[in-house]
Amino acid sequence: MKASLRLGLWAWPKAEKQALLGSLQSIKHWELGEEKLGASILPFSALANLSASQVRQLGQIFCWAPEISWEDYQDLLARQVLVFRAPFPIFVQQLLPFLQAWWKEQMALAQEEEAILTEFAELGLWGQSKLMIRLFKRAKLLAQNKDFVFLQGPAGSGKSWLAGAMHGLSPFEQQPFITVNLMDHKLEDLERLLFGQGKKKGHERHFGLLSSRGFQALLIQHIELLPFDLQELLAKLLKEGKYILPQGDSPVFLNQKLYLSSSKDLDYLQEQKKFSSQLLQQLKTRKLRIPSLSERGKGELIQLSQQFLRQFCEEQGLQLKSLHKSAQNRLKNWYFSENLRELKQLIERSALLSTGRFIKGKDLWLEDDFKQEVQQWIKNGSSMQEYQRQIIRHQLYVQKNHVVKAAQALGIGKSTIYRILEQEE
């Protein structure tokens, strides 16, 4: 991987700057720069005069400080500034090997980060920010053994997607991956569903998902919905790796790679006595926090939108489309309360309803936009074709852009939906 090291030489007198430039000639692939710097070399006096915002633009700082106090020296080290206290000629000699070693580490780190981003992208989970790189690194590490993982993040932030990607990168990827959403089950059924039941009069012994004898990966969503007694039982299971079946007397051992997820603030629920402190303590030991879309930054939002658009066009056999600048600007100004889930639905719906190669700002619409448009159609008096398109739009919204389900609900073929939408001017 080749890349130029952009260096800043700040506030050096002419003679010293020439000496620095001459010594740097032995380093390959570097250039002087003023912004997006990889590193900067400057005397301590210049550093002391810079504002905090300017310092953040310097990259890694190599500071010549032959005469500074012990307190200043300790402060620089705490800020990860590399300090050289020798006279200038010796400083120049010392600087080069430090700079070369640092740049080599940066290149190795960049290659490592690029590889892990590629791994997760191939499994359908995209990201570019430092926040996501840190998340992916820890997620891959936690996926390598049988210990449980707790995924916490806002609704729609991609917790189930991350669990699926971790399973794909784990040694157990050939084993079944099962998802259980506790919202889909009655509270009184959860004990038997998850933990099973020992022998009792008139009933055979029943093994729950957590007591399955065959190894599997299991994602349990919305664990805050577990009744308090089952939370305590789960805490015991996570701590000891075994438990006693209800109405049973022999221990059952956990034989699953267990993923647990929640979008709630469990600390707050615990303070309200609505969540087990023992279970919360266990969960925090292996916790992954998934950031919201707003935390990931506007640049990553656009990148994710483009990825969703490319993937959807390929899956549906549509002409590949791109996001127009006007669409990108509108996306940056929207708040996605349901995070990735809402963004994905919006992009897919817009891809179906837009004409041409570009999705423009006016092609992006939400439910409120849809309702207003329906009212306008009725007010203006529309043709049959226009009504057909409007009905298809509504059904696509209801079916969350699933074209096959929309076609089935309308009693028409999938190709008919594409044909009618493509006729839109």
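1. A cavity here is a set of grid points where a 1.4 Å probe fits but cannot get out, and a residue counts as lining if it has an atom within 4 Å of a point. Please keep in mind that this is a predicted model. By this rule there are two cavities of 30 Å³ or more.

2. Start with the largest cavity, which holds about 50 Å³ of space. Around it you will find Leu-125, Trp-126, Met-132, Leu-135, Ser-157, Gly-158, Leu-162, Ile-290, Arg-296 and Leu-340. By class, this lining has seven nonpolar residues, two polar and one charged.

3. The second largest cavity has about 30 Å³ of space. Its lining consists of Phe-150, Gln-152, Asp-267, Leu-280, Leu-283, Lys-284 and Lys-287. Two elements, β6 (149-152) and α11 (277-284), each give two or more residues to this lining, and α11 supplies the largest share, with three. Three of the lining residues are nonpolar, one is polar and three are charged.

4. Now for the helix pair. The axes of α12 (residues 298-316) and α14 (residues 339-353) come within 9 Å and cross at roughly 50°, so the two helices are oblique to each other. The crossing of α12 past α14 is right-handed.

5. Which residues of α12 and α14 meet? From α12 come Leu-301, Leu-304, Ser-305, Phe-308, Leu-309, Gln-311 and Phe-312, and they meet Leu-340, Leu-343, Lys-344, Ile-347, Glu-348, Ala-351 and Leu-352 of α14. The contact comprises 10 nonpolar, two polar and two charged residues.

Note on methods
Residues are numbered from 1 along each chain as its sequence is written. This is a predicted model: local features need pLDDT of at least 70, side-chain atom pairs count only at pLDDT 80 or more; totals for chains, interfaces and linings use all residues. Side-chain values use heavy atoms; hydrogens and water are left out. On a 1 Å grid over the protein atoms alone, a cavity is a set of points where a 1.4 Å probe fits but cannot get out, and a pocket is an open set with protein on both sides within 12 Å along at least five of seven lines; lining residues have an atom within 4 Å of a point. Grid points are joined across faces, edges and corners, and a volume is the space filled by probe spheres set on the points. Ala, Val, Leu, Ile, Met, Phe, Trp, Tyr, Cys and Pro count as nonpolar, Asp, Glu, Lys and Arg as charged, and the others, Gly among them, as polar. Helices (H or I, at least four residues) and strands (E, at least two) are DSSP runs, numbered from the N terminus. Axes are lines fitted to C-alpha atoms, for helices over the stretch in contact, and angles run from 0 to 180 degrees between N-to-C directions. Angles under 35 degrees count as roughly parallel, over 145 as roughly antiparallel, 65 to 115 as roughly perpendicular and the rest as oblique. A crossing is left-handed if the near helix is turned anticlockwise from the far one by less than a right angle, and right-handed if clockwise. Contact means heavy atoms within 4.5 Å.
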